[in-house]
Amino acid sequence: RRASRAAAASAEAVRLQLRAGFAQAAHAARAAEEVVVASEQAVEFAAEHARSADRSVRAGVAPPLDVLRARTEQVRRESDLAGARADLGRARLALGILLGREGAVRVAVPDVLPEPAGDPAALVPDALGRRPEVRAQQEQVAAAEDGLRASWARLAPQLSATGSVFASDVPYPTGDRNGWRATLDLTWPIYDGGLREARQRQARAELATARAAEAAQRLAVVQEVADAARDLDVARERLRLADTQRSLASDAAASARRSFEAGVASSLVVVDANDRLYQADVGRADARARLAQAAIALDRALGREPPSTR
């Protein structure tokens, strides 16, 4: 029974890990979608800049090199878009594989900003009570303790009783046709070559191993909770910085385009500003996904189900 409960807890741990992995993969796929949107926007900006550069060259206010530079940038952004769409297809196909399906699957995930992790020390007791891995190790320890008690029982004398009744159609010498018999046996092996003592030492070793594994599992849970809480706080700060960077990059790109239209900035400035805006969009998408994945990792460390997906 102990082994059965330990196996059930281990299976629950695997299920939690699978669900957490699926939820993290869903957020990674969402980040890939945002990268595709950013790449499409970058292509539009590059195409717009190429048209603007072409108009400036025809007007004689910009050198022909600006057109070549703008069209090179447009081709590069189209290449980025093709790669982003391929990455999105792979991410959706991976989700389908996790669900046991052959085709690509799109999963919508909740757009919720996770709360701060808080003090990891305050989260550890709840994690130790929830984690199925800890319960599995506890059952292993209990089973080892039962095994040690059983090894001690082998040293005690064995008392057994048997009884039987019988009947015959031929009379016995006593003239009776039925009878009964009862026996009481006491067995106490004095020497068996050290087998019982060896089994007892083996039971002690198994108990020590189970207790060490339980202690190691508890320490692992404590470390997982602390790491997950720290990663969540870092991911929140990175998302804040990514939002700020994206806002600044957007303003800089808009200013560069206006300056180029006015003839006070070169095409290289616009290309650089658009590239920084694209990188900021990609960075913000990655920061969002990492924040969601960090929150899922913390829920997993605490033994909780990941946020539901639809």
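How many helices and strands make up the secondary structure of the protein? There are 6 helices and 2 strands, where a helix is a DSSP run of H or I with at least four residues and a strand is a run of E with at least two, numbered from the N terminus. Keep in mind that this is a predicted model, in which local features need pLDDT of at least 70, side-chain atom pairs count only at pLDDT 80 or more, and totals for chains, interfaces and linings use all residues. Residues are numbered from 1 along each chain as its sequence is written, and side-chain values use heavy atoms, with hydrogens and water left out.

Start at the N terminus and follow the chain: the elements run α-α-α-α-β-β-α-α. The radius of gyration, taken over C-alpha atoms, is 36 Å, well over the 19 Å that the globule rule (2.2 Å times the number of residues to the power 0.38) gives for 310 residues, so the protein is more spread out than a compact globule. Its C-alpha trace spans about 135 × 45 × 35 Å along the principal axes.

Now look at contacts, meaning heavy atoms within 4.5 Å. Of those with a separation of 6 or more, 78% join residues 24 or more positions apart.

Next, turn to Val112, Leu113, Pro114, Ala292 and Ala295, which lie nearest the centre of the largest pocket, among its 28 lining residues. Helix 1 (2–59), helix 5 (195–262) and helix 6 (267–301) each give two or more residues to this lining, and helix 6 provides the largest share, 9 residues. A pocket here is an open set of points on a 1 Å grid over the protein atoms alone where a 1.4 Å probe fits, with protein on both sides within 12 Å along at least five of seven lines; lining residues have an atom within 4 Å of a point.
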